[in-house]
Amino acid sequence: MSRLGGEKVEVLLSEAQLAARIAELGARISADYAGQPLTLVGVLKGSFMFLADLARAIDLPLKVDFIGTTSYQGTKSSGVVRITNDLSRPIDGEHILLVEDIVDTGLTMQYLLENLATRHPASVKVCALLEKPARAKVQVPIAYKGFSIPDEFVIGYGLDWDGRFRNLPFLGVVKP
Ligand SMILES: O=P(O)(O)OC[C@H]1O[C@H](OP(=O)(O)OP(=O)(O)O)[C@H](O)[C@@H]1O
Ligand SMILES: Nc1nc2[nH]cnc2c(=O)[nH]1
């Protein structure tokens, strides 16, 4: 059995499309933060693959940390964001780039932006691989965005469906 586990999955963004866009984002981030110390904060679990590729596309002496959040059961947001793993150290005075796989309702990012602001960083911006504008419940400023996508539940490249499919190297949609 393959990593699709027998499900029919349609490719929305191929490995090559993801890689090309991430190279562009990395170049922009490298130029914008040149000469400044930058810390990438990956939002677990969904961002692990994106962060690994983005970090390698950024030509700066980076620091990397992670914060874990959860709010989805299956394909539904509970609306309540919970931190499952906190940052490993204080971030006061640091330039932070939150690295997120997807901004859907926007509730996770809104919660994290408010939470990190209380820790007195020098700046906090958002880099999101995907945005689903049709589902936004709150507006979140995304400084670096990979793709806007239609209102479909997507899987792969870090994103799960009930914990599975994070290891697909592309972004897909499950077909019935
Ligand atoms: O904009 P929102 O509607 O808040 O959705 C976005 C969040 O949902 C997913 O995380 P999830 O809570 O499923 O946890 P996971 O990353 O561990 O899969 C995704 O990784 C984002 O963090
Ligand atoms: N896997 C997955 N997680 C999400 N969290 C918020 N939106 C999505 C989505 O479309 N797919």
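Of the 176 residues of the protein chain, 30% count as buried, a residue being buried if 20 or more other C-beta atoms lie within 10 Å of its own, exposed if 12 or fewer and partly exposed in between, with C-beta atoms placed from the backbone. The model is a predicted one, in which local features need pLDDT of at least 70 and side-chain atom pairs count only at pLDDT 80 or more, whereas totals for chains, interfaces and linings use all residues. Residues are numbered from 1 along each chain as its sequence is written, while chains are lettered from A and ligands numbered from 1 in the order in which they are written.

The radius of gyration of the protein chain is 16 Å, which agrees with the value near 16 Å that a compact globule of 176 residues would have. This radius is taken over C-alpha atoms, and the globule rule is 2.2 Å times the number of residues to the power 0.38. Along the principal axes, the C-alpha atoms of the protein chain fill a box of roughly 50 × 35 × 30 Å. Of the contacts in the protein chain between residues at least 6 apart in sequence, 66% join residues at least 24 apart; two residues are in contact if their C-beta atoms, placed from the backbone, lie within 7 Å.

The protein chain contains three helices and nine strands, arranged along the sequence in the pattern β-α-β-α-β-β-β-α-β-β-β-β. Helices (H or I, at least four residues) and strands (E, at least two) are DSSP runs, numbered from the N terminus.

An open sheet is formed by three strands in the order 1-9-8, with antiparallel pairing. Strand 1 (8-13) and strand 8 (154-155) stand at its edges, each with a single partner strand, so one side of each is left without a neighbour in the sheet. Pairing requires that DSSP find at least two bridges between two strands. Strand 8 and strand 9 (residues 171-175) run antiparallel and are joined by two bridges, with Ile155 standing opposite Gly172 in strand 9. Strand 9 also holds Leu171, which counts as buried with 26 C-beta neighbours inside 10 Å. Neighbours within four places in sequence aside, Leu171 is in contact with Leu12, Leu13, Leu18, Val154, Gly156 and Tyr157.

Elsewhere, strand 3 and strand 4 run antiparallel and are joined by five bridges; in strand 4, Ile83 is the bridge partner of Thr69. The hairpin of these strands has two residues between them, and Gly74 takes a positive phi near 65 degrees there.

The largest nonpolar core comprises 36 residues, of which Leu54, Leu97, Leu98, Val99 and Cys127 touch the most other members. Helix 1 (15-32), strand 2, helix 2 (48-57), strand 5, helix 3, strand 6 (123-131) and strand 8 are the elements that give two or more residues to this core. Such a core is a set of buried Ala, Val, Leu, Ile, Met, Phe, Trp, Tyr and Cys residues joined through C-beta atoms within 7 Å. Leu54, found in helix 2, is buried, with 24 other C-beta atoms within 10 Å. Beyond its neighbours within four places in sequence, Leu54 is in contact with Ile22, Leu25, Gly26, Val99 and Cys127. Val99, with residues up to four places away in sequence not counted, touches Leu40, Val41, Gly42, Val43, Ser47, Phe50, Leu51, Leu54 and Cys127. In helix 3, the buried residues are Leu107, Thr108, Met109 and Leu112, and these pack against strand 2, strand 3, strand 4 (76-85), strand 5 and strand 6.

Two ligand shells were examined. Around ligand 1 there are 19 residues, of which Gly46, Tyr72, Asp104, Thr105 and Thr108 come nearest; a residue is near a molecule or strand if its C-beta atom, placed from the backbone, lies within 6 Å of it. Strand 2 (38-44), strand 3 (63-73), strand 5 (95-103) and helix 3 (107-117) each supply at least two residues of this shell. By class, the shell around ligand 1 has six nonpolar, eight polar and five charged residues. Here Ala, Val, Leu, Ile, Met, Phe, Trp, Tyr, Cys and Pro count as nonpolar, Asp, Glu, Lys and Arg as charged, and the others, Gly among them, as polar. The residues around ligand 2 are Tyr72, Ile102, Asp104, Phe153, Val154, Ile155, Leu159, Asp160 and Trp161, with seven nonpolar, no polar and two charged residues by class.
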